[in-house]
Structure formats: C-alpha cells, structure tokens
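Here are some notes for a colleague who is opening this model for the first time. Please keep the sequence and the structure side by side while reading the numbered points.

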Amino acid sequence: MFLKRFSGVVATIILSCGSTAIAQTTNNNLYIQVGSDSNGEPIILDLASIKGTEYIILQKHDDGMAQTNLRASCGQHRLVSTRLSIYNSTGKLTRDDKTKREISLKLGTPEANSMEIVCRGAEVRGGKRR
C-alpha cells in the first residue's frame with residue numbers, strides 16, 4: 001500500500017515538471033534531474049533532502065561534486081542559496097561556503113525547476129491543492 005502511494009507521488013512530481021524529468025534511485029535515495037550545466041552534465045534534486053522548503057541540488061564539479069543547499073520562499077517566489085559545498089573525487093570536502101545568496105529565478109533553469117517541485121510538494125503536504 002505504501003509503495004502504491006509513494007509511486008503515485010513520484011509520478012505526480014515527475015509529470016508536474018512540465019519538461020522531461022529523469023528519476024533514479026541510488027542507495028535508497030531518489031533523485032530527479034532538474035536540468036543540466038553548460039557541458040550537458042545533469043543537475044539533480046535529492047528528494048530525500050527535502051525538509052519543508054529546504055533542499056539540496058547536486059552537480060558535477062571538475063572531477064568531484066558540488067552540493068548546493070537551497071531554501072525556497074514559495075509564496076514570494078524567492079530562492080536563497082544557504083550553502084555551497086565542493087567535494088573532490090574521493091568525497092573529501094574541499095570548500096564550504098555558508099554565504100547566503102538570493103538566486104535570480106529564470107523559467108526553465110535547474111534552480112527554478114527544483115523550486116517548483118519542492119513548492120508543489122509543500123502545497124500537497126500542507127493540504128493546499130490547486
């Protein structure tokens with residue numbers, strides 16, 4: 001029963017994006033591709049990281065990975081980066097910037113796409129369906 005409900009929520013999230021979304025499960029975490037960088041590398045939303053309107057997106061950075069922590073203000077259509085962590089190919093943290101920066105939202109960008117998914121999920125959890 002739980003799996004039926006969960007797969008329905010995932011299907012709703014994927015279909016609500018308005019563009020092609022790719023979902024992948026790794027080590028019991030679920031990721032959705034929300035865009036790509038200038039080299040065509042995927043930028044992904046870690047669904048397991050979502051706590052209210054705070055979440056993480058991941059992308060390739062040189063030979064390692066960049067993790068960006070974001071906080072969405074859904075009603076105000078604002079998005080703030082709260083942390084940027086860079087890891088090398090062995091998983092060692094090489095940079096950790098906790099400077100808060102507001103992100104200028106542009107339709108179709110990974111940041112806007114991820115925020116839309118998170119905010120729609122928050123609406124459903126809050127009982128405010130459209």
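1. Helix α2 covers residues 110–125, and its 16 residues reach 23 Å from the first C-alpha to the last, close to the 22 Å expected at 1.5 Å a residue; that expected span is 1.5 Å times one less than the number of residues in the helix. The buried residues of α2 are P110, A112, N113, S114, M115, I117, V118, C119 and G121, where buried means under 20% relative accessible area, exposed means over 50%, and partly exposed lies in between, with a 1.4 Å probe and protein chains only.

2. A word on the basis of these notes: this is a predicted model, in which local features need pLDDT of at least 70 and side-chain atom pairs count only at pLDDT 80 or more, while totals for chains, interfaces and linings use all residues. Residues are numbered from 1 along each chain as its sequence is written, and side-chain values use heavy atoms, with hydrogens and water left out.

3. Taken as a whole, the protein chain has two helices and eight strands, which follow the pattern α-β-β-β-β-β-β-β-β-α along the sequence. Of its 130 residues, 32% count as buried. The accessible surface of the chain comes to about 8,500 Å², of which 51% belongs to carbon and sulfur atoms, as given by the Shrake-Rupley method with a 1.4 Å probe, and for residues only the protein chains shown count as cover. Among contacts between residues at least 6 apart in sequence, 26% join residues at least 24 apart, a contact being heavy atoms within 4.5 Å.

4. The largest nonpolar core has 15 residues, and those with the most contacts inside it are V34, L45, Y55, I57, A72, L79 and M115. Strands β2 (29–36), β3, β4 and β5, together with helix α2, each supply at least two residues of this core, and the largest share, four residues, comes from α2. Such a core is a set of buried Ala, Val, Leu, Ile, Met, Phe, Trp, Tyr and Cys residues joined through side-chain atoms within 4.5 Å. For A72, leaving aside neighbours within four places in sequence, the contacts are T53, Y55, R78, L79, M115 and C119.

5. Strands β2 and β3 pair in the antiparallel sense over five bridges, pairing being assigned if DSSP finds at least two bridges between two strands. In this pair, Y31 has D46 of β3 as its bridge partner, and D46 also stands opposite I56 in β4. The hairpin of β2 and β3 has five residues between the strands, and G40 takes a positive phi near 85° there.

6. Strand β3 (residues 42–51) is joined by five bridges to strand β4 (residues 54–61), and the two run antiparallel; their hairpin has two residues between the strands, with G52 at a positive phi near 70°. Eight bridges then join β4 to strand β5 (residues 64–73), again in the antiparallel sense, and E54 stands opposite R71 in β5.

7. Which residues with a positive phi are not glycines? D62 has a positive phi of about 50° although it is not a glycine, and H77 is likewise not a glycine, with a positive phi of about 55°. Most residues other than glycine have a negative phi, and these two therefore deserve a look. D62 is in the loop between β4 and β5 and counts as exposed because its relative accessibility is 64%. H77 is in the loop between β5 and β6 (78–87), and is also exposed, with a relative accessible area of 61%.

8. What surrounds D96? D96 is found in strand β7 (residues 93–97), and counts as partly exposed because its relative accessibility is 32%. Leaving aside neighbours within four places in sequence, D96 is in contact with R83, L84 and S85. The side chain of D96 makes polar contacts with the side chain of R83 at 2.6 Å and with the side chain of S85 at 2.9 Å, a polar contact being a pair of N or O atoms within 3.5 Å, of which, within protein, one must be able to donate a hydrogen and the other to accept it, while residues adjacent in sequence count only if both atoms are side-chain atoms. The C-alpha atoms of D96 and L84, which are 12 residues apart along the chain, are separated by 5.9 Å.
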